[in-house]
Amino acid sequence: MRLPDLPASFPALPVRDTVLFPHAVLPLTVGRQSSINLINSLGEDKLIWVVAQRDAHVDTPQPGDMYQVGTIAMVHKIVRMPNQSLFIFTEGVSRAKVRNWEQLDPYLRAEVEAVPEVLDVTGTPLEALQRNVVSLFQQVVSLSPTLSDELQTLVLSIEEPGRMADFIASSLPSLATKDRQELLETPSVMARLELVNRHLTRELQVQQLRSKIQTEVQDQVQQSQREYYLREQLKAIQKELGEGDENQRDVEELRKKIEDAGMPDEVKTEALKELQRLGRMSPAAADYSVTRNYIEWLAALPWNKSSAQEIDLAKAATILDEDHYDLEKVKDRILDYLAVRRLKADMKGPILCFVGPPGVGKTSLGRSIARALGRKFVRLSLGGVHDEAEIRGHRRTYIGALPGQVLQNLRRAGTNDPVFMLDEVEKIGRDFRGDPSSALLEVLDPEQNFSFRDNFLDVPFDLSRVLFITTANMLDTIPEPLRDRMETIELSGYTEEEKLHIAFRYLIPKQCAENGVAAERMTFQEEAVRRIVRDYTREAGVRNLEREIGTVVRKYARRIGTPGAESAALTVTPEVVREFLGGPKVRVATEIAERTRRPGVAVGLAWTPTGGDVLFIEANQMKGGKGFTMTGHLGQVMQESMQAALTWVRSHAQELGLAEDFFKETDIHIHVPAGAIPKDGPSAGITMATALASLLTGKPVRPKLAMTGELTLSGDVLPIGGVKEKVLAAKRAGIEHVLLPAENRQNVEEDLKPEQRTGIELHYVQHMEDVLAMALPENEFQRQADEREKESVLAKQSA
């Protein structure tokens, strides 16, 4: 075919999502009126310029909407369709680039110029690339389900490298219009082959991956068909042997379990519905095991199984007394519950929260309560729990889903009214997986837990008969809504006398039994146990005391294991305690006496999650100018208390016998030892002021005296919390005098028994002057206090 000399003018046919290459035959559907006008205007010379649109959505393309390079094509055949559109067969002749647009209406016409092919590389490199392209194309054709195998033969018959590149590009259906246009606009044969090589490499990887996936799917289908065939054969064999359908037997067994479970009507309806669904499923179905597991969980829960024992108040009181010494508040509350339960059998269980330091018997008390009630005991530790699903369970859509720990423990207990202990409720966490403390609200709220819904079961379960008991070391970290649903019972630390009773009644027999030592062969003197309490433990509970007693018992067990000493009995004296346990580990009383000999040291009392503790406040001064340093890992509130204490001392410099401008040339440093432990709170205010007054007056604080109270700028002493823990800590440390805010007198009378106050003298103060009158001997405040006392005595005598 001979083309007219270029540049020349041709009718322009814009096409969508299509690129026509030279020597390629392409059928086209012509539907736009302008394009139909173009085809109808063709005479004997049926040459047109076919060019691709940049955007296929443009219905009336303008010159700017089309690419610059297209293909001159010959229209071989025109077919008129019933819908007035045309169907034409075109053959690409040559690349051509637009020079000028001559006509836009009634159809497009452009002057184009030839784009000559550039053969810039010849010889071996071109031949190697050409062979690689042919090999890749043949592999793609062999793997593709849409390409004819004849293309492998056709590509071998093309010798011209440029024409071969155009043939392969026009044959790949997965090639995007943008990539086809790039190949059309590339005159360099070598560059065009490289582009085709890159596209073929990517297409081959896609086809190989598609083939691999298809093979795996076919294998799975074949395996499923094989299993189905074998299963049908097995059914036929079982039918011939008279064994029946195993799946049907499983369904009947589950139906019997559902009938025997005593479920409420709503739950039973749901269970039977799922059972009916299970009976229609094949055991090979993906949901079969999930549905079966769900039905088994429903049937296994104790819907109507309870302890149902006769309530005996006297027996319950005896059991509580046997297992625990003292703890009268807790025992009274449990006996009150039993008395009401005997009168009203369907009452809701209380939600008790035992708060106290470690080792005071919170968890073991829960076991005793279960024994006294004749119920099962289950325990769930909440320390470190971050996932809400631990309480409410996972939904059945998750792989390996199970109910939450609440229903799991009830299933283990086998009854719907056990004593359920939730340990360490204040250590529960929260993160992106949910808030377990919020999930506990429904569990612990008597107004809601009668219809508790686990995410896995999604049916209501009655938790109102369960006696929930939570434990915590402190209340501050428990969320307020959760704390509001619990009845708090505080378990404070034990005094020395109480620890002696506990040791002789519980700890020594227990350790002898655990270590294989007969109790009659080992006798503890009271003074020996007292020595262990004083010199080897410093705690609110009895956990370390039990460990030390266990060490003594084990040392004796080792001794009687020596040949010749098998029958030797032992009386544990203070000397034996020192021999077995070594030197004293705690020297608090001696430490207090030594450290308070120097001015500037005062002893405070602090509350901690493990019980009360003594706190040393040290102050020192040096030359400087109004510098005030505070150290000891202190919180913001405690630092503000130090500032208030310094302000009060400076404002009362004259009464303390100090120069009014003493701070002008002085730097003061106040420190709270044990710097690695965070400290905060206002209750050390009077202790800090006393330490500063002692430092500046050069008078040591009265020995074996401790104090606690919040200080205001005007010198008033405000009440504080944790009085019982602080007083017991002072007693353990060998303190003889304790200064307390006057408003805490009622707390002392209610919380501390008379025997807990023996050996320690409590003084109540209202103002900072009263504190210094007791703490610093021979000062102006003491003189004023003595005068007030004399005036009071004279007034009483005259009356």
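Reply: We may begin with exposure: a residue counts as exposed when its relative accessible area is over 50%, as buried when that area is under 20%, and as partly exposed in between. Please keep in mind throughout that this is a predicted model.

Me: Does Gln84 count as buried or exposed, and where does Gln84 lie?

Reply: Gln84 has a relative accessibility of 63%, which lies over the 50% cut-off, and therefore counts as exposed. Gln84 belongs to the loop between β4 (69-80) and β5. Its backbone also deserves attention: Gln84 is not a glycine, yet its phi is positive, at about 75 degrees.

Me: Which class does Lys704 fall into, and what is its phi?

Reply: Lys704 has a relative accessible area of 29%, so it is partly exposed. Its phi is positive, about 55 degrees, although Lys704 is not a glycine. Lys704 is located in the loop between α23 and β20 (705-707).

Me: How many residues of helix α4 are buried?

Reply: Helix α4 (residues 161-171) is mostly covered, with nine of its 11 residues buried. These include Pro161, Met164, Phe167, Ile168 and Ser171.

Me: What describes the packing of two helices?

Reply: Two packed helices are described by the angle between their axes and the distance between the axes. Take helix α18 (residues 526-536) and helix α20 (residues 574-581): their axes come within 8 Å and cross at roughly 45 degrees. That angle makes α18 oblique to α20. The crossing of α18 past α20 is right-handed. On the α18 side, the contact is made by Glu527, Ala528, Arg531, Ile532 and Tyr536, and on the α20 side by Pro574, Val577, Arg578 and Leu581. Sorted by class, this contact of α18 with α20 has six nonpolar residues, three charged residues and no polar ones.

Me: At what angle do the axes of α19 and α20 cross?

Reply: The axes of helix α19 (residues 543-560) and α20 cross at roughly 85 degrees and come within 10 Å. That makes α19 roughly perpendicular to α20. From α19, the residues in contact are Glu548, Thr551, Val552, Lys555, Tyr556 and Arg559, while α20 contributes Glu579, Phe580 and Leu581. By class, the contact of α19 with α20 has four nonpolar, one polar and four charged residues.

Me: Where does Asn293 lie, and which residues does Asn293 touch?

Reply: Asn293 lies in helix α9 (residues 288-300). The 13 residues of α9 reach 18 Å from first C-alpha to last, close to the 18 Å expected at 1.5 Å a residue. Asn293 has a relative accessible area of 25% and is therefore partly exposed. The buried residues of α9 include Tyr288, Tyr294, Trp297 and Leu298. Not counting residues up to four places away in sequence, Asn293 touches Ala401, Leu402 and Phe456. The C-alpha atoms of Asn293 and Arg396 are separated by 9.9 Å, although these residues are 103 residues apart along the chain.

Me: Does Thr186 count as buried or exposed?

Reply: Thr186 has 13% relative accessibility, so it counts as buried. Thr186 is part of the loop between α5 (177-184) and α6 (189-241). Leaving aside neighbours within four places in sequence, Thr186 is in contact with Arg95, Ala191, Arg192 and Leu195.

Me: Finally, which peptide bond is cis?

Reply: The bond from Asp105 to Pro106 is cis, with omega near 5 degrees. Pro106 lies in the loop between β5 (86-103) and β6 (109-114).

Conventions
Residues numbered from 1 in each chain as written. Predicted model: local features only at pLDDT ≥ 70, side-chain atom pairs only at ≥ 80, totals over all residues. Heavy atoms only, no water. Axes fitted to C-alpha atoms, helices over the stretch in contact; angles between N-to-C directions. Helix = DSSP H or I, 4+ residues; strand = E, 2+ residues; numbered from the N terminus. Parallel < 35°, antiparallel > 145°, perpendicular 65-115°, else oblique. Left-handed = near helix turned anticlockwise from the far one by under 90°. Contact = heavy atoms within 4.5 Å. Nonpolar A, V, L, I, M, F, W, Y, C, P; charged D, E, K, R; others polar. Buried < 20%, exposed > 50% of the residue type's maximum accessible area, 1.4 Å probe, protein only. Expected span 1.5 Å × (residues − 1).
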